Amino acid sequence: MSWLFDNFDLVAELTLNHAALSFTPIFLGFVIALVLGWTANRWLLFRSWIIAGGSILYTIPSLPLFVILPYILGTRITDERNIIVALTIYALAILIRTVAEAFAAVPTDAIEASRAIGYSSWNRFWHVEFPLAGPVLLAGLRVVSASTIALVSVGAIIGSANLGYLFTNGKQRDFLEMILIGIGASFLIALVFDILLVLLGRLLMPWNKRTSLITNGRRILSSKGA
Amino acid sequence: MQFFLDALRWLTDPANYVAGSVSPLPIQDRVAEHLWYTFVSVLIATLIALPLGLFIGHTGRGRQFVIGFTGAMRALPTLGLLMALFLIVGSTVPFTQAAFVASIIALVILAIPSILAGGYAGVESVDPQTVDSGRAIGMTEMQILLRIEIPLSLPLIIAGIRAATLQVIATTVIASYISLGGLGAIIASGIGLYDNERILGGAILVTVLALVVDGFLAILQRLTTIRGSSQALPKKQNVRRRSHGSTAVAVKAVDERKEYVQSKK
């Protein structure tokens, strides 16, 4: 543990950078998935195309995507934008399906009732569909949050300064403790993000009491109730 | 665009397929290695995780464990796991085998959660009435598992294996960093040599490989779906039309589990 105390600044800096690198793709992926998933649900014509597109993107392995993107974006291979774009694509790929299904599960009665009392599509989305789809969207976000944070470290292979650096450098120096500290810090970020997401969910959806802070996969249980 | 044309030319250059070339060539050997590592890891992981998943699904015991375990594993950084295992294994196993042993262990660990969740969710998704009917006509618990639950849950079991396979293919690329063979070796040598054709060519190869294997498993998943079972129903219509009916709720539950099986590494 003495290495951690001696190099606390380095670890803290890498951890913060790691968290920052994770946040953007999670956020961007969610926003884009919201638009695409809603579109997929609204126009059945697009549905199979959008969902199939999502699963193809999901299939592309991470390291190859990190190294292909510079050619498409015209960036340098070590540019962190490559990692952000790649991780956004993955977040999107996982979330599109969840979002489409979340909106599909909104009771038709609620949508028709809101239409009957004169909601515009815009208001209906924000006041009816989005809140009712909320719990499933949150569950999808938690999955994406955890896997994005785990994936960021792969970027260290192409020179990104995040916790993955502790893995590559620890391996070169034959220094196990460094790697384990990196894994621990990565878990810590995932835990903090997860807690924040759950708290955000409680704040925005006070009517939904079922999201637990402790377990990450409450959905499987809550769906059991049916 | 020129880069891609160059990469395609590299991929179609017969010189890169000549047997006995300098590593990381010839290409076909690396493809074979990649498939071999994937197959071995997924097979071992299936042997460990599937019986456990089926047991948990059948008895309902240890459900909390599956949920906690798969959730936590999602946050495990693959690169860190690989490097840590490489150092741990490297201290006991000769250097030449360390990469292989450490990689396979890491790949197995990474493949387990999806397969476990697939087996568990598959058995859970079987209509309890169907299971009870089996029990009523005098089937033993083993017969119920083998003749009712497993056939009906095959699509979800395969979905779990499919998610695991994708992840293993992707992680095997990264394992080139601890000098494992496979297609990652082509990309790694390309990065080392600043050889763009090689980097891009290798990346295209892995992507195509992943798409082909995934497509194959997707077909398998579709073939094992029994017509008329809840998983074969068109989801959209069901959820919409009968949002309060029990069928709709059941279908939704299945979908959520499917999703639960996948996570990207």
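Reader: How do α2 and α8 of chain A pack, and how far apart are their axes?
Author: This is a predicted model. In it, helix α2 (residues 8-42) of chain A packs against α8(A) at an angle of about 130°. The axes are 9 Å apart.

Reader: What does that make α2(A) and α8(A) to each other?
Author: Oblique, therefore, for α2(A) and α8(A).

Reader: Which residues make the contact?
Author: From α2(A), A:Leu10, A:Val11, A:Leu14 and A:His18. From α8(A), A:Gly164, A:Tyr165 and A:Leu166.

Reader: How does the contact of α2(A) with α8(A) divide by class?
Author: There are 5 nonpolar and 2 polar residues, and no charged ones.

Reader: Staying with α8(A), which residues are buried there?
Author: A:Gly164, A:Leu166, A:Phe167, A:Thr168, A:Asn169 and A:Gly170 are buried in α8(A).

Reader: What covers the buried residues of α8(A)?
Author: The cover includes α1 (2-6), α2 and α9 of chain A. It also includes α4 of chain B.

Reader: What follows α8(A)?
Author: A:Asp174 follows α8(A), and its phi is positive, near 55°. That residue is not a glycine. A:Asp174 sits in the loop between α8 (164-172) and α9 of chain A.

Reader: Is A:Asp174 buried or exposed?
Author: Exposed: A:Asp174 has a relative accessible area of 57%.

Reader: On to α9(A) and α4(B). At what angle do they pack?
Author: Helix α9 (residues 176-204) of chain A and helix α4 (residues 78-90) of chain B pack at about 155°. Their axes are 9 Å apart. The two helices are therefore roughly antiparallel to each other.

Reader: Is the crossing of α9(A) and α4(B) left-handed or right-handed?
Author: The crossing of α9(A) and α4(B) is left-handed.

Reader: Which residues meet there, from α9(A) and α4(B)?
Author: On the α9(A) side, A:Leu176, A:Ile179, A:Leu180 and A:Ile183. They meet B:Gly80, B:Leu81, B:Met83, B:Ala84, B:Leu87 and B:Ile88 in α4(B). By class, the contact has 9 nonpolar residues, 1 polar residue and no charged residues.

Reader: New topic: aromatics. How many aromatic pairs over all chains?
Author: The count comes to 12 aromatic pairs over all chains. One of them is A:Trp122 with A:Trp126. The ring centres of A:Trp122 and A:Trp126 are 5.9 Å apart and the planes are at 70°, so the pair is edge-to-face.

Reader: Where do A:Trp122 and A:Trp126 lie?
Author: Both are in helix α7 (residues 121-152) of chain A. Being 4 residues apart, A:Trp122 and A:Trp126 are separated by about one helical turn.

Reader: What is the relative accessibility of A:Trp122?
Author: It is 61%, so A:Trp122 counts as exposed. A:Trp126 is partly exposed, with a relative accessible area of 36%.

Reader: And the rings of B:Phe65 and B:Phe69: what kind of pair are they?
Author: Their centres are 5.4 Å apart and their planes are at 15°, so B:Phe65 and B:Phe69 are stacked. Both lie in helix α3 (residues 63-74) of chain B. They are 4 residues apart, about one turn of the helix.

Reader: Where do B:Phe65 and B:Phe69 fall, by relative accessible area?
Author: B:Phe65 counts as partly exposed at 43% relative accessibility. B:Phe69 is partly exposed too, with a relative accessible area of 25%.

Reader: Which residues do ring pairs link into a cluster?
Author: A:Trp38, A:Trp43, A:Phe46, A:Phe103, A:Trp122, A:Phe125, A:Trp126 and A:Phe130.

Reader: Now chain B as a whole. How many helices and strands?
Author: Chain B has 11 helices and 0 strands. Of its 265 residues, 55% count as buried.

Reader: What share of contacts in chain B comes from residues 24 or more positions apart?
Author: Such residues account for 72% of the contacts in chain B with a separation of 6 or more.

Reader: Last one: B:Ile199. Where is it found?
Author: B:Ile199 is in helix α9 (residues 196-224) of chain B. B:Ile199 is buried, with a relative accessible area of 4%.

Reader: What does B:Ile199 touch, not counting residues up to four places away in sequence?
Author: B:Ile199 touches A:Val67 and A:Tyr71 in chain A, and B:Ile187, B:Gly190 and B:Ile191 in chain B.

Key: Residues numbered from 1 in each chain as written. Chains lettered and ligands numbered in written order. Predicted model: local features only at pLDDT ≥ 70, side-chain atom pairs only at ≥ 80, totals over all residues. Heavy atoms only, no water. Axes fitted to C-alpha atoms, helices over the stretch in contact; angles between N-to-C directions. Parallel < 35°, antiparallel > 145°, perpendicular 65-115°, else oblique. Left-handed = near helix turned anticlockwise from the far one by under 90°. Contact = heavy atoms within 4.5 Å. Nonpolar A, V, L, I, M, F, W, Y, C, P; charged D, E, K, R; others polar. Phe/Tyr/Trp six-rings, centres within 6.5 Å; stacked < 30°, edge-to-face > 60°. Buried < 20%, exposed > 50% of the residue type's maximum accessible area, 1.4 Å probe, protein only.
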